[in-house]
Amino acid sequence: MTGSPAFPQRPPVPIGNYGLLSDTRTAALVAPDGGIDWFCVPRFDGDPLFGRLVGGAAAGTFRVGPAGPATVAVRRYRQETATLETTWDLGGARLTLTEGMVAELAGRLLPTTLLVRRLSAEGGQVDAVVEFDPRLGARHRRPRVQQRGRDLVCQWGSLAVSLGGAPGGAITPATPTTITVAPGEPVTLVLSVAYREPLIHVEPATAWELLVADEERWRSWAAEIDTSLPFRESVVRSLLTLRLLTYSPSQAPVAAPTTSLPEDPGGVRNWDYRYVWPRDASIGVSAFLGAGKPEEAKGFLAWLLHASRLQRPRLPALLTLDGRHVPRERELPGWAGYLGSRPVRLGNAAAGQHQLDGYGWLVDAAWVGVQAGHRLNSEMWRAVRGFADLVARRWPEPDAGIWEVRAPAQHVHSKLMAWLALDRALRIAATHRLSDRQRRQWRGSRDAIAADLRARAFDPSQSSYVRSYGSPDLDAALLVLPLLGMDDIDSPRVRGTIDAIRDRLSAGGPFLYRYPPGRDGLPGAEGAFLPCSFWLVQALARTGRRAEAVELFRELLGHGGTLGLYAEEMDPATGAFLGNYPQTLTHAALIQAALAIRTGPAAPWSSLSVN
């Protein structure tokens, strides 16, 4: 094992080439060369320990891979697990990196976070390199370093990490170390993280056994997923991704594990998505229930209704993983940004916005749970009643909308979701206690919203509902129309809206812009918004156009990369992913699209009648 004085330069890695590792508390993004370029501790929204992805070389990395030129031969997840395998071809030999994070370690005498990376060779000895350069937080702080037996320990106050398993001696931070991997003699590196708790040493052999056992748990979990699902392999990968992005102590799904991956490379559209949007979580409820995973759905819903308690009846646009206020948005000076996209941000100012649509998503998620036989307890029903009362009062007001624009407007999608909130609350009330006064108020407001939308939101010249009152612009979020029940799915208004969006917001191929580019008050451009394409699949399937839906779905799956992971957006010209990654909303929309293909034009509710 030898050291060298400096890391070699590494070119930028396309966003879609990163693999995801997660223990349902935090996550790592791994490049095809074996470099972990993003890893926050002790949880998804913590300080980056390895931040090269958006911080450049000074922000640290942890690379384990070939020491010299090599070609990626195979890169995949082991079937129905969270374990990632990368195999490099080095001429006459091959080197394989098998890696993962062990989930659900709380309550056991083990580190809360345990990352296991094993190198194995075949066809001859292979030289590999270990580049271990942890730099914590916004200022890229170097650790205080100690050698404790065979482990290298790095410490920053109450946070400590240890790296064990290196053969032949110690690894020095910020110095590449070459190791030789022989066939039949794998090398297992173990990274343990401790925050405000003892740092526990785990032997490499034990760590590998834990990872193998973790694989079996994931396979058992995946085996319970409905076998009748169309495109089941892709749906299972998306469900696994949603579960990996769910913070296990609270059951809160993080929108993405990253911050500031750009929607416009080189531009300013760089946001921190390491928080929870109730909208995304609500969609996840339906996705898990439809796929045969009721416990995950119940966990999502319980968190949603519990986390909002401090601000009821207001529903925040986003929350932290434990249901608290999101930190104020700030910029990190000196951070390079991905492909020079600055500023790099922590926190998110959208937390203070009024987004009316969120109430509709949440109450609909509660209704889906009730349909599935999960009666709301008194606290949950009290929360839903409070949300419905607020919507009944405030629906005429402008809001920031689903796309979080800076200037509030009378967004049509927001009004539709307000209608949904009241309609689904009335449906729940058929089996839960509700005063006659509230029932009358909700029904009156629901019907008033529908009348207002039909009078002010439809443009006959385009045969479509529009983005906001008085605007000719379209909005791909309106693809939810056939799921709501406000207008019949065979209505010319519903079908006209779907066709108009598909035609006039097309970004080429299977892709859609969410609204006409450049119409959001921010400088620069953006890519096609991937959830919208899956919403189009869903809308086509729900209106009886199954063949079109299947064709579009197949085309979209072809853009998911070898690992089946999706970002928020895609450059329609190059096929490059844009925005934070992997994106919960995109994966939830993919699952819902597959469910719609299976179900077809069924009504979005049961036969329960609410008049």
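## Ground rules

Helices (H or I, at least four residues) and strands (E, at least two) are DSSP runs, numbered from the N terminus. The model here is predicted, so local features need pLDDT of at least 70 and side-chain atom pairs count only at pLDDT 80 or more, while totals for chains, interfaces and linings use all residues. Residues are numbered from 1 along each chain as its sequence is written, and side-chain values use heavy atoms, with hydrogens and water left out.

## Two helix pairs

Two packed helices are described by the angle between their axes and the distance between the axes. Here the axes are lines fitted to C-alpha atoms, for helices over the stretch in contact, and angles run from 0 to 180 degrees between N-to-C directions. Let's start with helix H4 (residues 278-290) and helix H5 (residues 294-307): their axes are 8 Å apart, at an angle of about 155 degrees. H4 and H5 are therefore roughly antiparallel (angles under 35 degrees count as roughly parallel, over 145 as roughly antiparallel, 65 to 115 as roughly perpendicular and the rest as oblique). Their crossing is left-handed, meaning that the near helix is turned anticlockwise from the far one by less than a right angle; clockwise would be right-handed. Contact means heavy atoms within 4.5 Å, and the residues that meet include Phe288 and Leu289 in H4 and Phe300 and Leu301 in H5. The residues of this contact divide into 10 nonpolar, 2 polar and 1 charged (Ala, Val, Leu, Ile, Met, Phe, Trp, Tyr, Cys and Pro count as nonpolar, Asp, Glu, Lys and Arg as charged, and the others, Gly among them, as polar).

Next come helix H8 (residues 412-429) and helix H9 (residues 436-456), whose axes come within 9 Å and cross at roughly 150 degrees. H8 and H9 are therefore roughly antiparallel to each other, and H8 passes H9 in a left-handed crossing. Among the residues that meet are Trp419 in H8 and Trp442 in H9. The contact of H8 with H9 has 12 nonpolar, 1 polar and 5 charged residues.

## Aromatic pairs

The whole structure holds 20 aromatic pairs. Rings of Phe, Tyr and Trp (its six-membered ring) pair if their centres lie within 6.5 Å; planes under 30 degrees apart count as stacked, over 60 as edge-to-face and the rest as tilted. Phenylalanine 62 and phenylalanine 132 form an edge-to-face pair, 5.2 Å centre to centre with 80 degrees between the planes. Phenylalanine 62 lies in strand E6 (residues 61-66) and phenylalanine 132 in strand E11 (residues 126-133), so the pair ties together parts that are 70 residues apart in sequence. Both phenylalanine 62 and phenylalanine 132 are buried (buried means under 20% relative accessible area, exposed over 50%, partly exposed in between, with a 1.4 Å probe and protein chains only).

The rings of tyrosine 273 and tryptophan 277 have their centres 5.2 Å apart and their planes at 55 degrees, so this pair is tilted. Elsewhere, Phe231, Phe534, Phe553, Tyr566, Phe577 and Tyr581 form one aromatic cluster.

## Backbone details to check

Most residues other than glycine have a negative phi, and most peptide bonds are trans. A cis peptide bond joins arginine 312 and proline 313, with omega about 0 degrees; proline 313 sits in the loop between H5 and E19. The bond from arginine 342 to proline 343 is also cis, with omega near 10 degrees, and proline 343 is in the loop between E19 and E20.

That loop between E19 and E20 also holds leucine 339, which has a positive phi of about 55 degrees and is partly exposed at 48% relative accessible area.
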